[in-house]
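Open the structure in your viewer and keep the selection tool at hand. This tour goes one chain at a time.

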Amino acid sequence: MTKKRKKKKPLIKRDKYLLDTSLQIERLYAQDTEKEVRRLIQRGDIYSSYFVLYEFKAGLIQHIIEFYFVVKVSQDISLAKAYWANNFSQRGSKYIHILESLIFKNLDSISTKDTYTYLLVIEATIYHMLCNFYTDLKGLVGQFKDLEVSNFNLDSSDNYADFMALCERNKFVKLKVFFERNMDSLKKLIENEDLENATKYKKIYNGLVEIQNNLNKADTHNISKAVGDAVIAIDTPSDYTIAGLDASFNLLCKCINKTFIALPHSKEITGLRKSVAQAWKQEVAQKKL
Amino acid sequence: MLITSNVSQKAVNTSTVVETSYKSTGQITSTDIEGLNERGREEETTQTKPNKDTSQSISPVENAKGDEFSSKYISHSSSLLIKEIVTLLQSWEKNGTVNSILEISNIKDKLDTFITYLHEEPTNRILVSLIILIFKNNNWAEMKPNQIRQVWQEIKRFENGYISQDEVKHFSQQLFRNNISVAPGKSDD
């Protein structure tokens, strides 16, 4: 009697999505953005890249750790915030607002005199952000596996000083070798007229042109920082779809035959802007009556 | 032991404040929340009285420095703390938030006391700080029974006093997955 062979079920190929930096940051504090990510998970597997992890740590996390030290040194939360507002960039201030949106629901909940607890809470929030960068990810991909900043273990405030020293030594990622390996993609981006003419891509485009003219420029601070989105697009494997909040990826991906899916920014947050504008207009109208 | 007597005193103070508030209205009000927070601020101010000789306040950390706690002691204490918090959370889940102000207040007290001698051990410190994140803002007032259940089930994993890095990471990720406390906005139904 012949045995029946069990038919192997065909493997269902799931789509692969690579979450970019803006999405990885916003999902931490906006629940409707996280819901969008969960919808992606129903359709496929989610990944991120070593380069996105670098931007996450060297950008958001580094700024928050720096703020941690400002609070620790000053022992005065309100003084630390005033110092931060005066001495740091717009993006630096934005990161501290993100920190506080994760800590506070009600600003009155933690006394501004209690720096000890505030520091503990910052430490726990940094830990929470780092853990949840990886939540539900199948893995990390890309050509930047060896970046020291990405690989640095930040499990507690015990490592913050070493991390800051490392960031000081690695203020940007050197990209000469990366672009040497990806000259075709660089050429496609530069030859695209839409990219050349688009105002919002000017900084990226000019940076790429400088790299093409002189590859050594890819190892300079300003150029490296300017072309970050292009690097993420080129670095993403061709069978992945980049998922992000930043519409600039659309054209970048189109130039190099990669796919992009734009997720909406948090409606709770964007909707608030509209509600605030409506609220003060109503008040003004009522006062006139 | 000094720490034990401080906890007992705090529990007495807490019950007096909370019971008066609860009995008068039978419902949780913003006054109750404010009262808990206010009492917390008063106690923290008491603990962090400025040193006359320096411009910096003395934190519980400073007070506890110099005391070396063995890892066995910390592990044993962590185990006791976790068991007590799990019991309080189970009671909270069973009775609802309105009827559990005393339990919630006791959880806050235990976390405040425990953190003072955990400062040297980063993994334990992070775990307790993550739990503090739930109770140091007002998100606890909106937690649903299934979320309370999720929290005590996750915290129960640490009952044996062995708190590993991987398990704390998992705990953080479970808070995130279940929309518990650390992100703004409304939780799922």
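Select chain A. Its secondary structure comes to 16 helices and 5 strands. This is a predicted model, with scores of ipTM 0.72 and pTM 0.75.

Chain A has 289 residues, of which 51% count as buried. Now turn to contacts. Of those in chain A with a separation of 6 or more, 70% join residues 24 or more positions apart.

Next, select chain B. Which elements does it show? Chain B has 8 helices and 0 strands. Reading from the N terminus, the order is α-α-α-α-α-α-α-α.

Of the 189 residues in chain B, 49% are buried. Among contacts in chain B with a separation of 6 or more, 72% are between residues 24 or more positions apart.

Now colour chain B by pLDDT. The mean for chain B is 66, and 54% of its residues reach 70 or more. Which element of chain B has the highest mean pLDDT, and which the lowest? Select residues 165-177 of chain B: this is helix α8, the highest at 91. Then select residues 2-25 of chain B: this is helix α1, the lowest at 34.

Two stretches remain. Select residues 1-66 of chain B, where pLDDT stays under 50. The model has 74 contacts beyond four places in sequence for this stretch. Finish with residues 183-189 of chain B. Here, too, pLDDT stays under 50, and the model has 19 contacts beyond four places in sequence.

Conventions. Residues are numbered from 1 along each chain as its sequence is written. Chains are lettered from A and ligands numbered from 1 in the order in which they are written. This is a predicted model: local features need pLDDT of at least 70, side-chain atom pairs count only at pLDDT 80 or more; totals for chains, interfaces and linings use all residues. Side-chain values use heavy atoms; hydrogens and water are left out. Helices (H or I, at least four residues) and strands (E, at least two) are DSSP runs, numbered from the N terminus. Buried means under 20% relative accessible area, exposed over 50%, partly exposed in between (1.4 Å probe, protein chains only). Contact means heavy atoms within 4.5 Å. pLDDT is the predictor's confidence in each residue, from 0 to 100.
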